[in-house]
Amino acid sequence: MGRKIQHNINMIKGSKMSEESRLKMSQSHMGNKSRLGIKHREDVKLRMSNSHKGKPLSELHRKSIGLSQIGRKHTAKSLEKMRLIKLGNSYNLGKKVPYEKRIKRMGINHPLWKGGYNSLPDKIRRLYEYRQWRSDVFTRDDYTCQECGFMGYIEADHIKSFRTIINEYNIETVEGALLCSELWDINNGRTLCSPCHKNTDNYGSKLVWKK
Ligand SMILES: [Zn+2]
């Protein structure tokens, strides 16, 4: 008798079943083929779809969606669609900037000129130590943007900018940079996603660096 009452209490509408009983139910249904091949009615399908709308996906679910997309290629149809979208963006299509005008914004004259391949910051960025510093920052921050929590494409930000440190210590060579401990302090780095990185105060300073 006690058992029956217990059962009814468990079935109250809206109450959640315990993890254990959900597992039990799931196991008891495994291998059950009684509904195999039977399709849901259209209205039932709609109801099921609606009840899932706006529900956030679990971490596991999102990961497995990602994994299932690996190696997938665009179909010819979607490639064509992408091509047309690109074509639609025709603002500069067919326009040619004359060479005399172009050369004014080339190389060292370009507003985004960073000093060339052999500038000091570039040399530093190619060092093994620099890659190690970046990877240490990412690991410490668990590959998560420290501003908004985004996980995906991330960048390592210098809280005190690269340029400030180099100017402060008068660093002129790669050897000098290697000796400067402040440059390699991971406490001066944090993981940011691209948009949050662009929002930082010193983001622009590394874009315009003429040396
Ligand atoms: Zn962010």
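What percentage of the 211 residues of the protein count as buried? The share is 8%, where a buried residue has 20 or more other C-beta atoms within 10 Å of its own, an exposed one 12 or fewer, and a partly exposed one a count in between, with C-beta atoms placed from the backbone.

The structure is a predicted model, in which local features need pLDDT of at least 70, side-chain atom pairs count only at pLDDT 80 or more, and totals for chains, interfaces and linings use all residues. Residues are numbered from 1 along each chain as its sequence is written. The pLDDT, the predictor's confidence in each residue from 0 to 100, averages 82 over the protein, and 85% of the residues score at least 70. Mean confidence is highest in helix α8 (residues 128-140), at 94, and lowest in helix α1 (residues 2-10), at 51. Residues 206-211 have a pLDDT below 50, and this stretch has 15 contacts in the model beyond near neighbours in sequence. Where pLDDT is low, the predicted coordinates should not be read in detail.

The protein contains 11 helices and two strands, taken as DSSP runs numbered from the N terminus (helices: H or I, at least four residues; strands: E, at least two). Their order along the sequence is α-α-α-α-α-α-α-α-β-α-α-β-α. None of the 11 residues of helix α3 (residues 42-52) is buried. After α3 comes Gly-54, with a positive phi near 80°.

The largest nonpolar core comprises five residues: Cys-145, Ile-154, Leu-192, Cys-193 and Cys-196. Such a core is a set of buried Ala, Val, Leu, Ile, Met, Phe, Trp, Tyr and Cys residues joined through C-beta atoms within 7 Å. Beyond its neighbours within four places in sequence, Cys-196 is in contact (C-beta atoms, placed from the backbone, within 7 Å) with Cys-145, Glu-147 and Cys-148.

Conventions:
Contact = placed C-beta atoms within 7 Å.
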